Amino acid sequence: MISITLNGQKIEAREGQTILEVAREHGIRIPTLCYHKDLSPTGNCRICVVEVKGARFLQAACVTQVWDGMEIETHSEKAVASRKRTLSLMLANHPPDCLTCDASGSCELQDLAYEYQVEVPAWGAKGTRYPVDSDPNPFIRVDMNKCILCRRCVLACAEIQVRDVWGVAKRGFEEVIVAGAGTTMLEARCESCGQCVAYCPTGALTNKMSYGLGRAHQIEKVTTTCGYCGVGCQFDLQVRDGRIIGVASNPNAPVNGMALCVKGRYGWDYIHHPDRLTKPMVRRYLLEGKEKPKTPLSERSASALWEWVETDWDTALGLAAQRLGRAREAHGPDSVGVLTSAKCLNEENYLMNKFARQVIGTNNIDHCARL
Amino acid sequence: MAGLATAFGSGAMTNSMDDIAANAQAMFVIGSNTTEQHPVFGTMIRRAVRQRGVKLIVADPRRIDLVDFAVLHLQQKPGTDIALLNGLMYIILEKGWEDKEFIAARTEGFEAFKETVMRYPPEKVSEITGVPVEKLYQAAEIMGTVKPMAVMWAMGITQHIIGTQNVLNLANLQMLLGNMGVPGGGTNPLRGQNNVQGACDLGGLPNVYPAYQKVTSEEARKKFEAAWGVPLAPHVGMTVTEMMPGILEGKIHALYILGEDPIMSDPHTEHIRECLEQVDFLLLQEIFPSETSHYADILLPGATFAEKTGTFTNTERRVQMVHQAIEPPGEARPDWWITMELAKRLLEGRVLAPDAPYASWEYSSTRDIMKEINALAPSYGGITHERLEAGERLQWPCPDENHPGTPILHVGKFARGLGKFHPIEHIPPAEEPTDDYPFVMSTGRVLYHWHGGEMTRRAKGIMQVYGQALIEINPEDAERLGLDGGKRVRVTSRRGSIEAEAWVTERVPPGMVYANFHFPDASANELTQAVLDPVAKIPEYKVTAVKVEVVGETAGATRSKV
């Protein structure tokens, strides 16, 4: 253990810890932008600068390790002034689109501008430098005008997804984040996982499918488990007015953390597809109490007895019970087969098992584990 | 699953994904296209390779994306996994890299197994598998000297007539190397569907009650008879791959299908069509009018995962909450409610033993159902909604309320006591290429789609990226056939034919094509055959003999019969 002085308080720290880590452990909030706990710290945004006694310059807290006897002021006049100046420079190159921006309310730049009360400077760049919504990727909306060059997207792609789609091109005022060698994301082998969106602190990368449908304060979040593959990723469904409008990473997800795949993050719109079945339906012949007509499949669509009729639950369930019961009576319990679903809940699978074994009396139950 | 249960006494992934990602020093991925089928675990493997320098060996007939991260790619011919594994184990034994202590203390059947393996010298194995001898030695050296090594596989191993033997041989490999019951090791079958593990765990199989209690065991049957208040059938039921032909044989007269789409997911589609057309009564509970719905007599509207609360169990036996976010549309209902209501109607007028504690079908929520599961499924005994809601992370077995769950199986002792080695002989696939059908077709899914495609074909952005079936074919073959950009091919097996756009790519080796079953107009299952592994009853999806013809540049997929 080593001893340091943080904002006038003597505290113990472990060797190798950064100033930021020690401060967070002691409940002192040093603002950050390019830093994220899941990604390698780069120290490039300079928002987390603090004053260290004896150092010639302000030090970036996210990359500077503590040493024995270090004296740190996290909110000295000099540090705060520097943060304000940095924010001012960022805002000079950032369109003040908060009124229409999807990220408003969840934007870290907006929060810092508010906290430090920094406005867009009068001399700030006017207009847009890059095309808005510049990439044809169907899931990820790219607006590099809002980019503050924090490189979290670059790191998320390199360190979480390990796909290396994003990179940094050019230098100085021209510096810009590009996919591949300045191509489209998909051409740069993007897998559309959306990790870059999840880590972007501003509205530079947002979710196209959710764009304009709701902002942070309007959205209800419901944590759940993904319904696609067996990895068992968790995420937050974003709900507004009884509809799913998006999927957001939940950092506490046990298996996946912030990571998701294209299906989990962007494959949800089937839920509201107009094809959804919304009423029980039975074939006309059942409603008329007739036997199943021996119509070949190709002729069924033309047959009135094969017409689908929407009905109420009681009728549909009554008919279903009657016909299953009849097969059971006539040909024995083993003439009924039950296919349960690897898409459904544990509780539902248990009930299907109980249905087959207790209600029907057969062990003819299976699902698609083999397929 | 059957394979692991035979070798160890329990058929599930032995280690956790985070454990493998953090602790494995080597990884052997065979028959799993992990970055496309379990994408987030795929990225965890990539991270382990890049950030920790894990040595990754990929064995796959295709040059899958994960090969880019592997130190070694063993490109075996489809259906030669047993020979490949025997060849690797031959070298391990030849060099003395086996874990003698582990074999002596924790296993049985080693000598008979060794005798078989010693009949697979590298030269012979190379001839069968097409993997160069040199690569066999390189792979065996990594396996023999870098510990622990985790083995991962998926349907590339199991969807063969010898799927169970493949799994047994992977169990052999990990026992030989002493990689069982340790962090970063284990035998890890990656389960496909979100809740296929749970469906198996909770009795969705013809041979077992919940928690794998055998229907043929009198003790288990008595337990469930007492719980449910009825006499139960003492014999094993039919698998899905037996039920379908069972319709034509007059054995099956009615089907109740929940959220499955056999027309898309079962082998030899034309045969399945014939079966479903003949069944006396088909009750289908679905969220969409699927391909199978055309054959249904009653269609009940169920709910998606976003519309109900309960639990899923992931591939590593982790039980997690699913929370309702929205109401089901229209009059659609959660599936448990539908099954419950149907059961109540069927039980009307029937007499159940009055003292049976779980005979009733009165449930007000899935929480009530979970309480019944806790009482009857020992490995789920302590997994309650209350604990999960409180943030506990539980992997079964978790026998009681105070048990913390089990992240790694078989620590110190296998579920069956000693791990059992099985001698496994190479058997060629049921259908090998001939002059008429010179290509081998393998099937599977792609990153952007899910299984029969009912959900993902209704996801707009996904269709923009991958909007039609693509047949993967090697550039050498493409050149020989006169295929270039934008051309369509017809792929024909002895059972059917599909047409789709060709994707000329080195992902497949010469002589092989790869097709998916996401699109009804060009589903690979038109071509596959219902030839099954005799134990697991899994069809051999990964090896079908086909011929490939160029059909010009017509737009729009079509299906034609042979």
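**Strands that cross between the chains**

Strand E13 (residues 281-283) of chain A and strand E11 (residues 298-301) of chain B are paired in the antiparallel sense, over two bridges. Two strands are said to pair if DSSP finds at least two bridges between them. Helices (H or I, at least four residues) and strands (E, at least two) are DSSP runs, numbered from the N terminus. Within this pairing, B:Leu299 in E11(B) is the bridge partner of A:Met281.

This is a predicted model: local features need pLDDT of at least 70, side-chain atom pairs count only at pLDDT 80 or more, and totals for chains, interfaces and linings use all residues. Residues are numbered from 1 along each chain as its sequence is written, while chains are lettered from A and ligands numbered from 1 in the order in which they are written.

A second pairing between the chains involves strand E15 (residues 336-339) of chain A, which is joined to E9(B) by four bridges, the two strands running parallel. Here A:Gly337 stands opposite B:Leu255 in E9(B). E9(B) is also joined to E10(B) by five bridges, and these strands run parallel; B:Tyr256 stands opposite B:Leu283 in E10(B).

How many residues of strand E9 (residues 254-258) of chain B are buried? Five of its five residues are buried. A residue counts as buried if 20 or more other C-beta atoms lie within 10 Å of its own, as exposed if 12 or fewer do, and as partly exposed in between, with C-beta atoms placed from the backbone. In a regular strand the side chains alternate between the two faces of the sheet. In E9(B), B:Ala254, B:Tyr256 and B:Leu258 point one way, B:Leu255 and B:Ile257 point the other way, and all are buried.

The contact between the chains can also be described as a whole. Two residues are in contact if their C-beta atoms, placed from the backbone, lie within 7 Å. By this rule, 119 residues of chain B touch 101 residues of chain A. Helix H17 (residues 335-347) of chain B gives the largest share of the side of chain B that touches chain A, ten residues. That side is made up of 64 nonpolar, 33 polar and 22 charged residues. Ala, Val, Leu, Ile, Met, Phe, Trp, Tyr, Cys and Pro count as nonpolar, Asp, Glu, Lys and Arg as charged, and the others, Gly among them, as polar.

**Chain B and its domains**

Chain B has 21 helices and 22 strands. Its radius of gyration, 24 Å, agrees with the value near 24 Å that a compact globule of 562 residues would have. This radius is taken over C-alpha atoms, and the globule rule is 2.2 Å times the number of residues to the power 0.38. Of the 562 residues of chain B, 60% count as buried.

Chain B is divided into domain 1 (2-190), domain 2 (196-395) and domain 3 (439-560), with bounds that come from an automatic or database domain assignment. Taken over C-alpha atoms, the centres of domain 2 and domain 3 of chain B are 32 Å apart. Their contact takes 15 residues from domain 2 of chain B and 18 residues from domain 3 of chain B. On the side of domain 2 of chain B that touches domain 3 of chain B, the largest share, three residues, comes from H16(B).

Helix H16 (residues 269-278) of chain B has the buried residues B:Thr269, B:Ile272, B:Cys275 and B:Leu276. These lie on the same side of H16(B), because they cover an arc of only 115 degrees around the axis; the arc is that of the directions from the helix axis to the C-beta atoms. The buried residues of H16(B) pack against helix H14 (240-248), helix H15 (262-265) and strand E10 (281-286) of chain B.

**Chain A as a whole**

Chain A has ten helices and 16 strands. A compact globule of 371 residues would have a radius of gyration near 21 Å, but that of chain A is 29 Å. The C-alpha trace of chain A spans about 95 × 50 × 35 Å along its principal axes. Of the 371 residues of chain A, 51% count as buried.
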